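Dear colleague,

Please find below the structure that I am handing over to you. My notes on it follow.

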Amino acid sequence: MDKLHDYTSTSTVSIIESSIDDRYEKRRRSFFKANGVLTISGSSCEADVSNIEYDCDLTPGSLEVWVDLPDEIKYDPSLAPFKQLYEQHHGKLDTTESNTDGEKTIFNRKMMENTTPVENNTGNDVTAKDCENRLTEATKTGDEKKTRTAKKKKIDRALRVFKLTALVACWLLVTVSLLLNMETSDVVLHTAVEAGNIKEYELNPTLVKIKVLITLTGPFEEITTNDTMNLLHLWLRKCSRNESTEFEQNSTIWTVPLKADDVMDFAPSASDSKILEFDPKNFASFNANDTHDLNLTGLILKGQATNDAEADIFGNDTKVTLCLSTTSNNTVPITVSYHLDPISEEDGIIYASLLLLSLYILIIFEIVNRTIAALLSSSLGIAVLALGGARPSLPELVSWLDVETLLLLFSMMVLVAILAETGLFDYLAVVAFEVTGGRTWPLINCLCFFTAFFSTFLDNVTTVLLMTPVTIRLCEVMQLNPVPVLMSMVIFSNVGGAATPVGDPPNVIIASHPSVLKANINFTTFTLHMGLGIILVSVQTYLQLRYMFRDINTLRHTVPRDIQEMRQEIAVWRRAAASLASYSRDEDIVRRALEKKVQKLHVTLLKREAGDGKSKSDPHFCSTLAHMKQKYRIRDKQLLVKSAVCVAFVVIVFFLHAIPELQRLSLGWTALLGAILLLLLAERDDLEPILARVEWSTLLFFAALFVLMEVLSKLGLISWIGRITESLILKVGEESRLTVAIMLILWVSGLASAFVDNIPLTTMMVRVTAALAAPAGLALPLAPLAWALSFGACLGGNGTLIGASANVVCAGVAEQHGYRFTFMEYLKIGFPIMLGNLIVASVYLIFCHTIFNWH
């Protein structure tokens with residue numbers, strides 16, 4: 001009971017302290033007695049709660065109820081009318097008197113009644129038995145806890161052994177597959193096909209079932225049209241001869257469209273690939289010399305031949321050739337590369353799905369670090385290719401890396417590392433704290449707005465690298481949890497980057513495609529159409545984030561002390577009100593007075609939680625700001641000037657990428673030149689402190705992810721997604737084909753970008769988009785399809801932690817500062833935001849391009 005009394009008294013200290021000055025404020029009140037009932041009238045009943053007015057009747061019974069309240073509540077200014085009326089009729093009340101029974105308040109009085117032992121002869125025995133029972137129960141509880149702890153340790157140990165066994169098994173699979181399979185390289189052939197002739201090249205297959213992956217490079221049309229006259233035909237021919245018979249089988253014919261005769265010479269080359277194989281149950285053509293052969297032919301054509309029969313027909317002397325012919329009048333130069341016995345497309349899609357699933361299982365359940373998870377998944381992908389006879393060489397693996405992106409990341413990390421030594425990020429945090437008045441949501445709004453704005457013209461990875469340190473420092477100053485604020489910031493970075501052709505890598509791929517350039521979609525047109533939609537998406541994102549973080553405490557590590565005291569205050573007043581019965585008129589009068597006080601305190605609490613209670617004239621805010629300004633200063637002004645020059649150079653050249661004619665330096669080269677210049681100006685003899693701040697784990701994660709995405713592409717997963725999308729659009733009627741195409745491209749690219757890297761996905765989907773817009777094909781307008789692909793590929797990156805490069809970079813920088821957010825933490829915020837983004841983009845595209853035909 002002493003503990004309860006201490007809690008009650010300490011939790012209301014702020015009530016007493018906040019109302020000391022107001023107790024002596026005198027107000028005129030007129031009391032009159034009518035029909036035995038005292039009525040009070042006045043403008044207010046307490047100085048602390050100025051907007052609570054009493055228009056209630058005070059009865060003698062209500063005064064008795066008031067007298068029994070705890071002193072901390074009874075003498076609160078909000079109940080001053082009760083005190084004044086009581087003193088008017090009963091004399092001055094001694095505020096220092098206390099209950100003789102240890103201050104029996106309305107809280108502890110009931111507890112005393114419930115806990116007071118019954119006085120009888122056996123009272124001492126009952127108490128002793130109770131103590132003994134409690135001791136026994138505590139001992140049992142302790143034993144149960146020890147048993148549960150031991151079981152939990154056994155389960156954890158078993159799971160750990162299972163995890164290590166599975167991971168080592170994966171390592172063994174990779175090692176054995178690489179030991180047993182040599183590095184392979186495709187056979188590359190250069191040839192020229194003349195009109196009217198069939199060119200043959202003999203292959204040397206090792207299996208009866210022949211399957212060949214053919215890759216062609218030559219003057220090919222990217223889009224097949226109905227009026228394409230020049231075609232290149234490729235097929236496999238299998239022949240077998242003995243003394244009396246001759247058998248021949250042709251595979252299905254692969255037709256590739258060629259450039260027109262007048263533009264074929266010096267035309268840019270294009271590449272395409274396809275797997276050619278023989279159907280064992282169908283022979284395309286036979287040359288038989290006797291009736292025995294005819295009967296056998298009939299058997300095979302009816303589908304009754306077995307693999308053994310085929311092996312008997314095509315024995316060891318079987319000859320397999322690659323045949324090429326053309327309908328063009330010109331000689332067609334082509335480059336042919338082939339790979340024997342590749343992994344089938346169906347098996348490849350299954351393997352690719354399992355690899356992607358393994359990566360997400362390792363990351364979602366945090367079995368290993370995400371960088372190790374990416375390395376293991378990409379190594380398993382290489383093992384799958386090796387087992388399929390297509391183990392890549394080390395130079396080929398290096399060619400799969402997106403060196404441009406890695407160079408940009410590394411260079412910007414060096415720039416940010418040197419900038420951090422100047423104290424600039426700490427200083428900017430203090431400035432933002434001063435401008436926003438230390439209020440939470442204005443501060444988050446400011447960060448998200450500037451991040452989205454800079455991402456429209458700068459690469460969003462660069463923006464995140466620059467803004468993340470400032471955000472972390474601000475959150476530390478504001479006693480906020482940086483993780484949800486960083487999530488909000490990176491989401492706005494992806495949204496802002498979708499507005500322009502240079503803000504996000506998928507937009508660069510889309511805007512630079514030949515079909516898009518031919519449709520006169522320039523920088524201005526792209527930004528105009530995408531910008532309006534992105535504004536709507538930004539509003540939706542902000543409103544959704546405000547709703548998801550409507551409880552301001554989710555943005556904090558711990559609840560501030562003043563808010564904790566305010567909550568305790570409200571709890572005390574609510575319990576006091578709840579202890580009074582509403583069916584008694586006397587108690588109901590007091591209870592309503594207490595409830596009004598609770599409402600006032602609740603409004604004050606909401607303001608404090610939202611950070612709206614602070615002002616720049618608040619002494620606490622001013623002292624905090626003065627302390628921050630003294631502590632967080634610019635430490636090296638000379639280095640800051642040098643860094644500003646280098647960063648200005650990088651940013652200016654980045655802006656020049658908005659002009660196609662001035663795109664002379666890539667983003668990676670620009671950032672590298674800026675980093676080299678800053679290293680020269682900084683005059684550092686020791687680079688170890690700077691290189692130690694580089695996010696090497698993030699760079700390694702990206703490198704492994706690039707390899708994995710290329711493996712998925714080689715296994716056919718990326719192209720399969722494109723074919724499924726195209727086939728679904730072709731099944732729809734012509735009148736609604738544009739709407740269905742927009743929705744499919746938007747949602748397929750959006751959902752796929754959340755789980756696979758959006759760069760290879762965009763490269764494949766832009767070809768599907770161009771094919772749908774071909775004049776002799778479906779002839780759909782290209783512009784709305786391009787916008788749909790841009791919305792989907794860029795906004796889909798908000799779905800998961802590895803959906804966009806900016807997400808991974810932000811997580812890496814935060815982890816270096818000691819703030820780690822998991823895959824599931826981001827998924828709970830990012831995936832609903834992504835769905836909302838795609839819904840708003842869908843409505844915008846349908847409204848503009850289906851209803852009003854803006855294109």
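Does Phe791 count as buried or exposed, and at what relative accessibility? Phe791 counts as buried because its relative accessibility is 0%, where buried means under 20% relative accessible area, exposed over 50% and partly exposed in between, with a 1.4 Å probe and protein chains only.

Please note that this is a predicted model, in which local features need pLDDT of at least 70, side-chain atom pairs count only at pLDDT 80 or more, and totals for chains, interfaces and linings use all residues. Residues are numbered from 1 along each chain as its sequence is written, and side-chain values use heavy atoms, with hydrogens and water left out.

Aromatic pairs

The count comes to 14 aromatic pairs; rings of Phe, Tyr and Trp (its six-membered ring) pair if their centres lie within 6.5 Å, and planes under 30 degrees apart count as stacked, over 60 as edge-to-face and the rest as tilted. One of them is the tilted pair of Phe410 and Trp696, at 5.7 Å centre to centre with 40° between the planes. Phe410 lies in helix H14 (residues 403-421) and Trp696 in helix H28 (residues 696-714), so this pair ties together parts that are 286 residues apart in sequence. Helices (H or I, at least four residues) and strands (E, at least two) are DSSP runs, numbered from the N terminus. Phe410 is partly exposed at 24%, as is Trp696 at 45%.

Phe791 and Tyr844 form an edge-to-face pair, 6.0 Å centre to centre and with 75° between the planes. Phe791 belongs to helix H32 (residues 782-795) and Tyr844 to helix H34 (residues 823-851), 53 residues apart. Tyr844 counts as buried, at 7% relative accessibility.

The open sheet

Four strands form an open sheet in the order S4-S12-S6-S10, with antiparallel pairing; two strands pair if DSSP finds at least two bridges between them. Its edge strands, S4 (187-193) and S10 (270-277), each pair on one side only. Strand S6 (residues 211-218) is joined to strand S12 (residues 332-340) by six bridges, and Ile214 has Tyr338 as its bridge partner in S12. Between S6 and S10 there are eight bridges, and the partner of Leu213 in S10 is Ile275.

Cysteines

A search of the whole structure finds zero disulfides (pairs of cysteine sulfur atoms within 2.5 Å). Cys646 counts as buried at 0% relative accessibility, whereas Cys170 is partly exposed at 23%.

With kind regards
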